[in-house]
Amino acid sequence: MMNQQPSGHVHSSQVAPTLNHGGHDLFDSHEIIAGMINVLDQYMIFRTFMTDQELISLLDRQYTFIESQYNVLAEAFSTGQPPSQSTGVYKMTLSHDVQFGLTPSQPKKPNRNISEVKEAGLSAHMLGLIKGQASLMGMAASEITNPIVRRIVADTVPNFIELAYEIFLYQNKHQYYQVPQLNDRDAQAMTSAYQPVIGQKATMPQPKTPIQ
């Protein structure tokens with residue numbers, strides 16, 4: 001009697017691919033896909049304020065890639081089947097060289113006029129959007145029941161991390177995102193704070209005895 005399947009329960013293998021979703025991950029998937037649309041719409045709005053050709057090119061390149069990821073996910077979500085295209089791999093073009101140190105600059109404050117919207121703020125908004133979307137997908141991917149959709153969402157997370165890192169590199173290059181460092185002694189103390197486990201294996205506690 002203990003092994004009987006509760007009434008009304010079915011396994012994912014017993015349902016059609018289009019219905020292979022739990023209620024929770026249906027809502028998560030909707031939020032992810034709607035979030036991708038929001039990113040694309042916001043990018044389009046941001047572009048109207050930009051004058052720096054480097055940031056415009058970065059935005060256009062990312063927009064095209066995000067749109068392709070949206071198409072892949074939307075197709076798989078609606079069909080429950082492998083999409084006609086793969087997620088692909090985003091390849092940034094900016095140098096990975098990071099500038100350390102702080103350069104004195106004017107304190108930041110909210111814009112008082114739409115004409116004050118500049119590349120520093122626009123790229124910061126882009127970074128926030130992409131980081132938020134990556135976090136959402138990372139959390140949802142561990143609970144999505146449809147294996148095709150779950151794999152696509154999981155594979156898209158590293159791409160969005162690359163998108164965000166490219167925006168960070170642009171900001172750092174133009175000193176919009178400055179990176180302070182600890183002094184050498186403190187940095188060495190931090191990086192030396194952990195060591196690998198070597199030798200004797202850990203003694204694991206015994207599990208509790210099941211109640212009969």
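This is a predicted model: local features need pLDDT of at least 70, side-chain atom pairs count only at pLDDT 80 or more; totals for chains, interfaces and linings use all residues.
Student: What makes the pattern of the protein chain α-α-α-α-α?

Tutor: The protein chain has 5 helices and 0 strands, and reading along the sequence gives α-α-α-α-α.

Student: Why are H2 and H4 called roughly antiparallel?

Tutor: The axes of helix H2 (residues 53-79) and helix H4 (residues 147-173) cross at roughly 170°. Angles over 145 degrees count as roughly antiparallel, and therefore H2 and H4 are roughly antiparallel to each other. Their axes come within 11 Å.

Student: Which residues make the contact between H2 and H4?

Tutor: On H2 they include Leu58, Phe65 and Val72; on H4 they include Ile152, Phe160 and Tyr170. The residues of this contact divide into 16 nonpolar, 4 polar and 4 charged. Leu58 is one of the H2 residues in the contact, and Leu counts as nonpolar. Arg61 of H2 also takes part, and Arg counts as charged.

Student: Which residues touch the most other members of the largest nonpolar core, and what supplies that core?

Tutor: The core has 46 residues, and Tyr43, Met126 and Ile130 touch the most other members. Helix H1 (23-47), H2, helix H3 (119-141) and H4 each supply at least two residues. H4 gives the most, with 12 residues.

Conventions:
Residues are numbered from 1 along each chain as its sequence is written. Side-chain values use heavy atoms; hydrogens and water are left out. Axes are lines fitted to C-alpha atoms, for helices over the stretch in contact, and angles run from 0 to 180 degrees between N-to-C directions. Helices (H or I, at least four residues) and strands (E, at least two) are DSSP runs, numbered from the N terminus. Angles under 35 degrees count as roughly parallel, over 145 as roughly antiparallel, 65 to 115 as roughly perpendicular and the rest as oblique. Contact means heavy atoms within 4.5 Å. A nonpolar core is a set of buried Ala, Val, Leu, Ile, Met, Phe, Trp, Tyr and Cys residues joined through side-chain atoms within 4.5 Å. Buried means under 20% relative accessible area, exposed over 50%, partly exposed in between (1.4 Å probe, protein chains only).
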